[in-house]
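I opened this model to look up a few strands, a chain contact and some backbone angles. My notes are kept in the order of looking.

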Protein chains: 2
Amino acid sequence: MRIVVALGGNALLKRGEPMTAEAQHTNVRIAALALADLARNHQIIVAHGNGPQVGLMALHAASFAPENPWPLDVLGAETEGMIGYLIEQELMNALPPGTDCATLLTRVEVDPKDPAFDQPTKPIGPVYSAEEAKLVRAEHRWSMVEEAKGGLRRVVPSPLPVAILNIAPIRLLVDAGVCVICAGGGGIPVMRGRDGKMEGIEAVIDKDRTAALLAQTLMADILLMLTDVEAVFRDWGGPDQTAIADISPDELAEISFAAGSMGPKITAAGDFVRAGGGMAGIGRLQDARAIVEGRAGTRVRIAHGASETRLSGRETVTLP
Amino acid sequence: MRIVVALGGNALLKRGEPMTAEAQHTNVRIAALALADLARNHQIIVAHGNGPQVGLMALHAASFAPENPWPLDVLGAETEGMIGYLIEQELMNALPPGTDCATLLTRVEVDPKDPAFDQPTKPIGPVYSAEEAKLVRAEHRWSMVEEAKGGLRRVVPSPLPVAILNIAPIRLLVDAGVCVICAGGGGIPVMRGRDGKMEGIEAVIDKDRTAALLAQTLMADILLMLTDVEAVFRDWGGPDQTAIADISPDELAEISFAAGSMGPKITAAGDFVRAGGGMAGIGRLQDARAIVEGRAGTRVRIAHGASETRLSGRETVTLP
C-alpha cells in the first residue's frame, strides 16, 4: 500500500528536552526505526512538521541580528534541509541497502485571500518582554500575543495549502518506487504575486493539512498522522474518556474536540477519506505499523454503506 | 546539451554586502536570470556553493547557544534548504510555465582516511579573540588559525567527494527532463562509520570538485563553473596577464596558479574533461551563455589529436 506519513516536528525536537542538534538526532533515529518498520511492507512518503525547529531557526537568526529577522519562507526552507537530511540518513541506515530515498524541497502555494491572513494564530520565535515587544511590533509590524507564562510572542498566519508546486517530480519518483521525503513543515509557504511570479510569504502551513493534500494528489491508500497521543479520544480528560478505534468522518465531525493539535488532524483525516482515500490513521509514532494493521490508534474511513448518511450511534464503531 | 552549472556561494551572499536575507534574495534573482538564459537552450543541473552561508548559519547558531555549536553536516543541510529554495523559486519564475524543477538534498560520501582530516584548511564561523579561542579550542577540540585582520577562526577539513549518495533519483529526474538543483555546498558531508551506517562529519566539501563528480556521473556535456572572475589568467597580476580562452587540461596543469578559489576549479575542469567530459568552462555568472557559446570565459577541453600528448606551445590555443 502507498502510505503518506505525517510525522510531528515535536516528536523530533521535544518539549522539555534540550534544543540541541544531538537531542534531535537521537529522536530522528528512533522515528526512522518506526518508519523503516512500515517501509519494509509498504511504500511510504514521509512528510514532517517543523514547529519547534522553525521557532529555533528564528531564534538563531534573531540572536545574531535582531534587527534583521529572517523571513518565514526562508526559515521553513532551512528546516526542510535540516530535518529532511536527518530523516533521510537515518531512514536509509535502517532500510536494506539498495533502497532509494530522495528528499525534495517543497513549495506549497497558499491563497493571499485566505482569511487566516487577517487572524494570525501560530506563535513563533522568541518570547519578548512587554518593552521589547513594543519595539519589534512597531519595527516589523508583527501581531503579538501574551504568553500564559508571561511575555509576548509573535503570531503568524496559518493559511490552507492550495497546491503542492513540485508535485510532478515527486510523483515521478514515487511512481518509480523511490522513498520520498517531502512537504516538510507543511511546505515552504509561497503565493502568486501581482506580477504572476511566486514569492515567499510570512506564514506557516499546517503539516497535516498539507500531508492530506499530498496523499490525495498521489492517490495514496493511507494517510498516517503520527504524534505523541495514543488515539483520538471521546470526552478527553472527562469521566467517559474512551479511545476511538474506528470511526467514519461524518461521525468524527459530530464530536467536539478542544482546540489544539488534534483539530487539524481530524480535519485532514476527514478531507482525505471523503476525497476517496482508503483510510486515515492517527496515533503514536511507535505504533505506526500497528495503526495500519488495526491494532492501535484511531482509523478514520467511510463506513460501508454509510458514505452518504451519518451513522446514528455514537459508540465506537469497529469496521471490518 | 546537458550542462552541470556550479554557482559560487559568494555570488549569492557577497563580501561587502549586508549578510541579510534580502541581499541574498536579490543576488539569487540576478543569478536565476543567467541560469534561465542557459536553460532555454540546454538542460541544466544546478549545483551551488555555500561558503558564506554555512558560516552565517554557524554564526546564527553560535549567537543563540555558544556552548552548543551545530555540526557542519546539519548546517550544510540547512544551507541546501535555504539556497536551494531561493534558486528554485527564482529560476522557475524566470522559465516558461510548465517547466519542472526539483531541488534535492544531497549527501556526499567522503573517505574518513582522506589526508584533509589531518590538515584542516577551511575557515568557518565566527572570529574569536585570543581568549575566547582558547576556551572554544579546549571545549570543542577545534583547529584554529589566526586571521590576517586579527582574531582566530575555526578551520575545518575539506576532504574530496567520493560518491554522491542520492544519484539514482537525481538521474531519474534529469533523464526525465526535470531541471534539477542538487549537491548544494558540495553536498552534505557524510562518511561510513565502523558500524557500516552513514553519519555526518565535521567537514566541508569543495562544490567545484563535487560538481565535476556530478557532471561525470550524469555524463554531462559541459561542466560550467561560474564565479566573479572573467576567465583563467596567465601571469595573474603580472605584466603579461592574459585571459585564456581555450586550453587543454594538460597545458592548464603546467601553469601554476596562486592558491585560492581558482585551484579547485582548475582541478575540477581537468578531472571532468580527462574522464570524457566534452568541455569545462570557467567565467563570470553573467557570461554563462557566452562561455558555452565560446564568446567569454575560459574553456578547457582535450585538444584534437592531443589527448595523449601534451601540447608543446604555451600560447592560448583556440580550438574550433
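Predicted model: local features only at pLDDT ≥ 70, side-chain atom pairs only at ≥ 80, totals over all residues.

**Entry 1: strand β12 of chain A.** I looked up residues 222-227 of chain A, which form strand β12, and found six of its six residues buried. I then sorted the side chains by direction. I222(A), L224(A) and L226(A) point one way from β12(A), while L223(A), M225(A) and T227(A) point the other way. Residues of both sets are buried. I keep in mind that in a regular strand the side chains alternate between the two faces of the sheet.

**Entry 2: neighbours of β12(A).** Which strands pair with β12(A), and in what sense? I found strand β1 of chain A, residues 2-7, paired with β12(A) in the parallel sense over five bridges. For a specific position I took V5(A), whose bridge partner in β12(A) is L224(A). Strand β16 of chain A, residues 279-284, also runs parallel to β12(A), and six bridges join the two. Here I noted M225(A), whose bridge partner in β16(A) is I282(A).

**Entry 3: strand β1 of chain B.** I moved to chain B and checked strand β1, residues 2-7. Six of the six residues are buried, so β1(B) is largely enclosed by the rest of the structure. I listed both faces: R2(B), V4(B) and A6(B) lie on one side, and I3(B), V5(B) and L7(B) lie on the other. I marked R2(B) in my list as one of the buried residues. β1(B) pairs with strand β2 of chain B, residues 43-48, in the parallel sense over six bridges. In β2(B), I44(B) is the bridge partner of I3(B).

**Entry 4: the contact of chains A and B.** How many residues does the contact take from chain A and from chain B? I got 49 residues from chain A and 49 residues from chain B. The area buried between the two chains is about 4,100 Å², and carbon and sulfur atoms give 65% of that area. On the side of chain A, the residues that lose the most area to chain B are F64(A), W70(A) and Y85(A), together 17% of what that side buries.

Entry 5: I ran the salt-bridge rule across the interface of chain A and chain B, and it finds two. I noted the salt bridge between R107(A) and E88(B), with the closest N and O atoms 2.8 Å apart.

Entry 6: Most residues other than glycine have a negative phi. Are A183(A) and M219(A) buried or exposed? A183(A) is buried, with a relative accessible area of 1%, whereas M219(A) is exposed, at 70%.

Technical notes: Residues numbered from 1 in each chain as written. Chains lettered and ligands numbered in written order. Heavy atoms only, no water. Buried < 20%, exposed > 50% of the residue type's maximum accessible area, 1.4 Å probe, protein only. Helix = DSSP H or I, 4+ residues; strand = E, 2+ residues; numbered from the N terminus. Pairing = 2+ DSSP bridges. Contact = heavy atoms within 4.5 Å. Buried area = accessible area lost by both parts, 1.4 Å probe. Salt bridge = Lys/Arg side-chain N within 4 Å of Asp/Glu carboxyl O.
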